[in-house]
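Work through the exercises below with the sequence and the 3D view open. Try each task before reading its solution.

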Amino acid sequence: MSPTISTLSSTPFSMLSLLLLLLLLPFSLLVSPSTSSSDSFIFVGCSQYKYSPGSPYETGVDSVLTSLVSSSASSSYNNFTIPGPTPSDTAYGLYQCHGDLAVADCSTCVSHAVSQLGTICAGSSGGTLQLEGCLVRYDNTTFLGMQDKTVLLRRCGPLIGGANSDGLTRRDAVLGYIGAGDGTYKPYRTGASGSVQAVAQCVQDLSAGDCQDCLAEAIGLLKSDCGAAKWGNMYLAKCYVQYSDGDHTSVGHGTSDEEVTKTVVILIGVVAGVAVVIIFLSLMATMCERARGGK
């Protein structure tokens with residue numbers, strides 16, 4: 001048998017293996033365990049300023065991040081200050097978990113956040129990472145106990161519709177409830193009315209008064225920016241407020257997951273169709289070559 005025929009006859013089988021691998025890859029993506037909701041990414045921010053490798057501040061950052069992970073095994077919030085030889089070498093850091101997150105889940109979330117932050121903001125003098133279940137932040141400028149109402153993220157869902165004024169009334173009532181202060185310190189708050197649910201939380205380094213002020217700002221922005229949306233998220237630097245109506249309990253995350261799943265399924269269909277056609281044509285070419293060789 002000539003080398004040409006030998007090469008052609010082996011090609012479909014190697015191609016078949018490759019195509020089967022490509023065909024199975026989307027399925028592995030579809031059935032692989034998804035990231036838990038508490039680890040879902042919300043936002044990240046890194047300082048534009050960099051520290052020198054091997055500097056005292058790098059040592060301080062490593063110490064702060066390690067302390068955050070260790071502390072999260074027993075507490076849902078903590079902050080640390082690691083002094084350096086100069087004020088600019090002092091490292092400040094904190095973490096905070098979602099108010100209803102179990103301690104074990106909190107620890108897992110913080111560990112993941114610190115790992116991601118160390119990669120995404122590598123070499124940056126400051127970084128903030130917000131996951132669905134926890135917040136991690138570090139810097140060489142103190143932010144502990146300081147009010148900050150900078151808008152970091154806003155997200156709004158589709159409009160409720162003019163006919164559903166009851167939904168807006170319930171939304172406003174729930175937001176008013178979680179935004180009301182009674183003089184006690186409540187960094188984590190939830191409320192519900194019918195199908196409308198809301199949650200709010202301040203970073204626990206704020207005083208009761210600053211927490212109340214931050215939530216009032218977030219609620220006002222959420223109502224003005226999202227209007228009659230079915231769900232909304234407003235993240236300020238030191239607090240956040242979320243609300244949802246009906247099935248939008250994850251403030252839009254479910255819709256995004258559905259779209260991703262649809263996309264993966266479509267890709268599976270496309271890859272499968274192309275694979276079948278190529279395999280068929282390859283086998284036909286092989287049979288023709290073998291037929292010619294037998295003559």
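## Exercise 1: An aromatic pair

Y51 has a relative accessible area of 17%, so Y51 is buried. The model is a predicted one.

**Task.** Decide whether the ring pair of Y51 and Y57 is stacked or edge-to-face.

**Solution.** 
- Step 1. Note what is needed: a pair of aromatic rings is described by the distance of the centres and the angle of the planes.
- Step 2. Take the distance. The ring centres of Y51 and Y57 lie 5.6 Å apart.
- Step 3. Take the angle. The planes of Y51 and Y57 stand at 75°. Edge-to-face calls for over 60 degrees.
- Step 4. Conclude. The Y51 and Y57 pair is edge-to-face.
- Step 5. Y57 has a relative accessible area of 3%, under the 20% limit, so Y57 is buried.

## Exercise 2: Rings across the chain

**Solution.** 
- Step 1. Classify one of them. F43 and Y235 have ring centres 5.6 Å apart and planes at 75°, so this pair is edge-to-face.
- Step 2. Check burial. F43 and Y235 are both buried.
- Step 3. Y240 joins F43 and Y235 in a cluster linked by ring pairs.

## Exercise 3: Disulfides and their handedness

**Task.** State how many disulfides the structure holds. Then say whether the C214 and C239 link is left-handed or right-handed.

**Solution.** 
- Step 1. Search the whole structure. Six disulfides turn up.
- Step 2. Read the pattern. With bonded cysteines counted along the chain, the pairing is 1-5, 2-3, 4-6, 7-11, 8-9, 10-12.
- Step 3. Take C97 and C106. Their sulfur atoms are 2.0 Å apart. The torsion about the S-S bond is about 80°, so this disulfide is right-handed.
- Step 4. Take C202 and C211. The S to S distance is 2.1 Å. The S-S torsion is 85°, and the link is right-handed.
- Step 5. Take C214 and C239. The S to S distance is 2.2 Å. The S-S torsion is -90°, and the link is left-handed. C214 lies in helix α5 (residues 208-226) and C239 in strand β10 (residues 239-245), 25 residues apart.
- Step 6. C214 is buried at 0% relative accessible area. C239 is buried at 3%.

## Exercise 4: Charges over rings

**Task.** Name the ring that the charged end of R137 sits over, and the ring that R171 lies over.

**Solution.** 
- Step 1. For R137, the ring is that of F143, with the centre 4.0 Å away.
- Step 2. For R171, the ring is that of Y243, with the centre 5.1 Å away.

Conventions:
Residues numbered from 1 in each chain as written. Predicted model: local features only at pLDDT ≥ 70, side-chain atom pairs only at ≥ 80, totals over all residues. Heavy atoms only, no water. Disulfide = S-S within 2.5 Å. Helix = DSSP H or I, 4+ residues; strand = E, 2+ residues; numbered from the N terminus. Buried < 20%, exposed > 50% of the residue type's maximum accessible area, 1.4 Å probe, protein only. Phe/Tyr/Trp six-rings, centres within 6.5 Å; stacked < 30°, edge-to-face > 60°. Lys NZ or Arg CZ within 6 Å of the ring centre and 35° of its normal.
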